[in-house]
Amino acid sequence: MAWEVIGILEIERKWIIDKQKLPYDLDALDHYEIVQAYISFSPTIRIRKIENIHKNILTIKSSSKDGGLSREEYEIEISDRQFDELLKKCEGLMLHKTRYRVKENDLLYEIDFFHEEYEGFAYMEIEFEDAERARNYPDPVWAIKDVTYDKRYTNASLAKGKLPE
């Protein structure tokens, strides 16, 4: 099997959100059930199963050189068997979440509602094509806190069992 490695520079802002103030009908949005776990926290190596589209992805992320706004990310699609084998090697908690996606103002908003250990916790990520636009983007009105530069709110930190107060 030949692997296709997809590498990108991910430029992303992240906010903790108030689910009650979301201006979207979640039932009308595309959504995905995601299970993800970490093979390594340093470097960040993650596996993700997107259950309702039957896709598994192995992701390797570089460290951020700008405090959290951007980093290199490499993705490889893997089989169910490969996912199951790699899952045996994982560290920390397995994260379960529902991801809703909405396109607005030529941007893709990804809204994650966590389950199980983090039931009730939710955040939104927006990826940008350039860092300047990302830095200048205003906080959404339903945002509680911008956590772009706070490493404690990364999925990897959550998988370590740490949700900041």
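A polar contact is a pair of N or O atoms within 3.5 Å; within protein, one atom must be able to donate a hydrogen and the other to accept it, and residues adjacent in sequence count only if both atoms are side-chain atoms. The model is predicted, so local features need pLDDT of at least 70 and side-chain atom pairs count only at pLDDT 80 or more, while totals for chains, interfaces and linings use all residues. Residues are numbered from 1 along each chain as its sequence is written, and side-chain values use heavy atoms, with hydrogens and water left out.

Glu110 belongs to strand E7, residues 107–114. Strands (E, at least two residues) are DSSP runs, numbered from the N terminus. The side chain of Glu110 forms a polar contact with the side chain of Arg101, at 3.1 Å. Glu110 is buried, with a relative accessible area of 10%. Buried means under 20% relative accessible area, exposed over 50%, and partly exposed in between (1.4 Å probe, protein chains only). Beyond neighbours within four places in sequence, Glu110 is in contact with Arg99, Tyr100, Arg101, Tyr123, Met124 and Glu125. Contact here means heavy atoms within 4.5 Å.

Backbone geometry was examined next. Most residues other than glycine have a negative phi, and most peptide bonds are trans. Asn105 is not a glycine, yet has a positive phi of about 50°. Asp106 also has a positive phi, near 60°. Asn105 lies in the loop between strand E6 (91–104) and E7. Asp106 lies in the loop between E6 and E7. Asn105 is exposed, at 54% relative accessible area. Asp106 is exposed at 55%.

A cis peptide bond joins Ser42 and Pro43, with omega about 0°. Pro43 sits in the loop between strand E2 (30–41) and strand E3 (44–50).

Notes. Helix = DSSP H or I, 4+ residues; strand = E, 2+ residues; numbered from the N terminus.
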